[in-house]
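Let's take a walk through the charged side chains of this protein. Please keep the viewer open as you read.

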Amino acid sequence: MLQIQTPPSHLYDEMLRSDGTSRAHYTPFWQWLNQTDTKQIQQKREEADLLFHRVGITFNVYGDEEGAERLIPFDNVPRIIPASEWAMLDRGIRQRVSALNAFLHDIYHEQRILKAGIIPAAQVLANEQYQPCMQGITLHRRIYAHITGVDLIRNNNGDYYVLEDNLRTPSGVSYMLENRKMMMRLYPELFSRQRIAPVERYPSLLLQTLKESSPVENPCVVVLTPGRFNSAYFEHSFLAQQMGVELVENADLFVKDGAVFMRTTSGPQKIDVIYRRIDDAYLDPLAFRPDSMLGVPGLLSVYRAGGVVLANAVGTGVADDKSIYPYVPEMVRFYLDEEPILNNVPTWQCRKADELSHVLANLDELVVKEVHGAGGYGMLIGPCATKAEIAAFAERIKQRPDNYIAQPTLSLSTCPTFVESGVAPRHIDLRPFVLTGKEIRLVPGGLTRVALSEGSLVVNSSQGGGTKDTWVLEESSC
């Protein structure tokens, strides 16, 4: 029989209470799990790995000496969210993304929030993600972040917090879609036990959102990728294929007469919307980094003149910088005149002398992150670090305090996960994907990432994390 480990009493587990009984929304799955043996789940897992390899669902790890493509580990125990819980998250996410888009329009126009002293002007205007070239440029529908990934975590009381906002080129949605297809293929009987909200509409909603970003009727949309060596190349090609649009690289595009064109076998074709998966710095060698081999010369001038739409907009990175993150609740109050539905994780800014002193005195208890960091790199998890690592990191902070923020080490909720010993609790987070066009759209759920090592809090795939299917139950199931 399958060995199911009871979670520690101090952690919040998504499926099990501390006494080992199932939470109500997990009951049908819990009953199924108790009737299933280890061999059956292991066989299904091997089948999933084989199918993922065949489809080519892999990623590259930068700096990996072997340069090998890796398969993101897939766990076949789903994360389940009841309808009432998702309704609250849905409202909170929409509110937050609305405020972030309002903030981006404001800082490139009237700068009301800076003049009001709510956010220090230098923290925005001197931020390396702030793009002066966007000052005064009004975008269609005033949308800067067409696609947003909002990372959510849960503490040991079961309360949700936003860990960070991803507004540049958020990735992972292809794994959300492929995980659902895999679970439906491997375990069709589970989908008959509960009504699970579908996620399959995401590519069509993404295409609709991208088309709505342009004032042109029936615009031509493409996906711009850095190429097959990028860690998220599978996702770029997957989304282009699912939307039925062209996947292009810089060599496929050129600028002429104030427009962007794509080279085709039947001649040049005008492009209206570019879903770009390339960072600002590499988009146009004439405007940003001259050594970029990924960008399109002259692209920025066409963009600034309104001749093409870039999704997400140039300059959105300032809103997902970790030094700006502490101010998002104030953005909600300032722009929407509402109280935030979702809370931030308490955050200390090392650029502030008093907060820096607190951080340095408590490094062994805190998580410290670079303000521009991503992927689990450039961070310190104090409780898991050695004294030597803490001392070395303290010196890095002292040299550039403005480059770091610190947060308490939240335990993160756990979810049962299939491991060698059976099923055991592992820490997770959740990244819902938000689409902003004429309206804000979400598919229910998102990508659940899981830290596969016992006790680990790092869920990033580049750091050995895996993924799970996320089930949002429809109302009648609860």
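A salt bridge here is a side-chain nitrogen of Lys or Arg within 4 Å of a carboxyl oxygen of Asp or Glu. Keep in mind that the model you are looking at is predicted.

Start with Arg96 and Asp165, whose side chains meet in a salt bridge at 2.7 Å, N to O. Arg96 sits in helix α3 (residues 83-107) and Asp165 in strand β5 (residues 160-166), so this pair links distant parts of the chain, 69 residues apart. Buried means under 20% relative accessible area. Arg96 therefore counts as buried, at 3% relative accessibility, and Asp165 does too, at 4%.Next, turn to Glu212 and Arg441, which form a salt bridge of 2.8 Å, N to O. Glu212 belongs to helix α8 (residues 202-212) and Arg441 to strand β21 (residues 440-442), so the bridge ties together parts that are 229 residues apart in sequence. Glu212 is buried, with a relative accessible area of 10%, and Arg441 is buried with 7%.

The side chains of Asp429 and Arg449 meet in a salt bridge at 2.7 Å, N to O. Asp429 counts as buried at 3% relative accessibility, and Arg449 is buried with a relative accessible area of 12%.

Finally, look beyond the pairs. Which residues are linked in a network of salt bridges? They are Glu14, Arg79, Glu85 and Arg154.

Notes: Residues numbered from 1 in each chain as written. Predicted model: local features only at pLDDT ≥ 70, side-chain atom pairs only at ≥ 80, totals over all residues. Heavy atoms only, no water. Helix = DSSP H or I, 4+ residues; strand = E, 2+ residues; numbered from the N terminus. Buried < 20%, exposed > 50% of the residue type's maximum accessible area, 1.4 Å probe, protein only.
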